[in-house]
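Visitor: Hi! Could you walk me through this one?
Guide: Happy to, let's have a look together.

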There are 2 protein chains.
Amino acid sequence: MSTEPGQSRGGRIRLVVSYDGANFHGFARQYGLRTVQGVLEETLTNLLGVQIDVHGSGRTDRGVHARAQVVHFDLPYGPPANRLVHVLSGRLPSDIIPISAHNVDSDFHARFSVVRKTYRYHIFRGVHPDVFKYRFSWHVREPLNIALMQRAASHLVGEHDFTSFCAAAAPQEDKVRRIYEVNVVESGEDAFLYCSGSGFLQYMVRIITGTLVDVGLGDISADAIPDILAAKSRVSAGRTAPAHGLCLWNVEYPIVYGGRVLDL
Amino acid sequence: MSTEPGQSRGGRIRLVVSYDGANFHGFARQYGLRTVQGVLEETLTNLLGVQIDVHGSGRTDRGVHARAQVVHFDLPYGPPANRLVHVLSGRLPSDIIPISAHNVDSDFHARFSVVRKTYRYHIFRGVHPDVFKYRFSWHVREPLNIALMQRAASHLVGEHDFTSFCAAAAPQEDKVRRIYEVNVVESGEDAFLYCSGSGFLQYMVRIITGTLVDVGLGDISADAIPDILAAKSRVSAGRTAPAHGLCLWNVEYPIVYGGRVLDL
């Protein structure tokens, strides 16, 4: 299909965005509230003069950040993909940062095509609060035994029923998920928990983090994790870590999609 | 002087605070605007039921952050200094972080006793914006020659008339200041400019940073700095770096004060 010079072709766009979740009521559109999806849709709709629906790889809770959330939407016309980051940078508020935009086939779906998601949880262990980190980390002052946390984390890897590690009111019926990796990485006063899986239930990464912190503090045994999983009850796990330390780190898709290499 | 158990003695307090400057109209109290000094005074006044005046080591401009701003105030009574950080943590908004509080002699003055101040300017050089840094750094995408910036910086060290490196409307009459050190430190995608001196004029660190960036980009010669100083004219220097990359890093006082070692 040829395109006139200066005329853009529209089509399906895969957009990667970062956001600072502090001033959003989460990702998912909610009437009357400031949400990431809502602001993206409003910005694109104002830009193009027609209603644009934005589909995310999944929700993030209120206060949770994203380094690389992936969304898709269909444009009837508009700036070519390679200009879209520039155009959106000038129109989005400073707490949503467009990172990259690419044309993709129309069978790409930001949510249904996901093969793996990674969250990062940032624990800050400094004696004094840090003005550059308070917004993005959980400040834990008591000493944490990181080796015990890593040992507990290893029990979570694999396919399990995560009923004990999600909100009691989580909407999903099937609580079985596969975790590929959980790693706790120390870096000076920081500790980062990276958690990769096929998908996550509501509050799941925050309850995993809170429980691992309880392990690190000596309040829960590292080898209690299998029993906690088996209990299939939220009360058997530890606390829920606060939202503002959590960040959607990465969303992965098949490299080959519909018989073609994804144009990323 | 003995103190009843449970009764606190009040007196002069030296308080160190961090703040995230994004949502403040600078440090200095301004009627009807949210300022750091205003919020500190309001919080202390509400806590104690009497008007408390807070004195800072100096102003910071709108949008500028502080890792360690120093203030003093006099308490007629109130929590002992070693409880004050805890008490204030629960009452201050999350973007002002109390770090430490100590009793000091009544001749200590947060502003007049300063012997050295250090600012840090954060330049972020990543290809993509970084959601954890956008709030606290200036994103410069073009390659910077850091060695040239350091060479230019060395010309600023010493006592000079900094008329060329301050706001044309700067209120201070005497434009002579002494700079002790200017260092440009690379760390991965970040570059930090540390600038220590006896004191600074309005916008001085931001104009120094902007001019050094112009040097790093090749737009101003590193060895043009002496001529720029000699011109005593704001237009001879480079641009003004944005406020949000700047942070008041440290404020230093004499260790021995009034014949006594400062009770810090």
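Visitor: How much area do chain B and chain A bury between them?
Guide: About 1,700 Å², with 74% of it on carbon and sulfur atoms. Buried area here is the accessible area (1.4 Å probe) that two parts lose on being put together, summed over both. This is a predicted model, where local features need pLDDT of at least 70 and side-chain atom pairs count only at pLDDT 80 or more, while totals for chains, interfaces and linings use all residues. Residues are numbered from 1 along each chain as its sequence is written, chains are lettered from A and ligands numbered from 1 in the order written, and side-chain values use heavy atoms, leaving out hydrogens and water.

Visitor: Which residues of chain B lose the most area to chain A?
Guide: V131(B), F132(B) and Y134(B), which together make up 37% of what that side buries.

Visitor: And which elements give two or more residues to that side of chain B?
Guide: Strand 1 (11–19), strand 3 (65–75), strand 4 (96–103) and strand 10 (246–252) of chain B. Strands (E, at least two residues) and helices (H or I, at least four) are DSSP runs, numbered from the N terminus.

Visitor: How many salt bridges are there between the chains?
Guide: The count is 0, a salt bridge being a side-chain nitrogen of Lys or Arg within 4 Å of a carboxyl oxygen of Asp or Glu. There are 2 residue pairs in polar contact, both residues at pLDDT 80 or more. A polar contact is a pair of N or O atoms within 3.5 Å; within protein, one must be able to donate a hydrogen and the other to accept it, and residues adjacent in sequence count only if both atoms are side-chain atoms.

Visitor: New topic. Where does UniProt put a "binding site"?
Guide: At Y119(A), according to an unreviewed entry; such annotations may be inferred rather than shown by experiment. Y119(A) lies in strand 5 (residues 116–124) of chain A.

Visitor: Is Y119(A) buried or exposed?
Guide: Buried, at 8% relative accessible area; buried means under 20%, exposed over 50%, partly exposed in between (1.4 Å probe, protein chains only). Leaving aside residues up to four places away in sequence, Y119(A) touches several others, including R59(A), F200(A) and W249(A). Contact means heavy atoms within 4.5 Å.

Visitor: What about R234(A), buried or exposed?
Guide: R234(A) is buried too, at 19%, and is found in the loop between helix 5 (225–231) and strand 10 (246–252) of chain A. Its side chain makes a 2.9 Å polar contact with that of T240(A).
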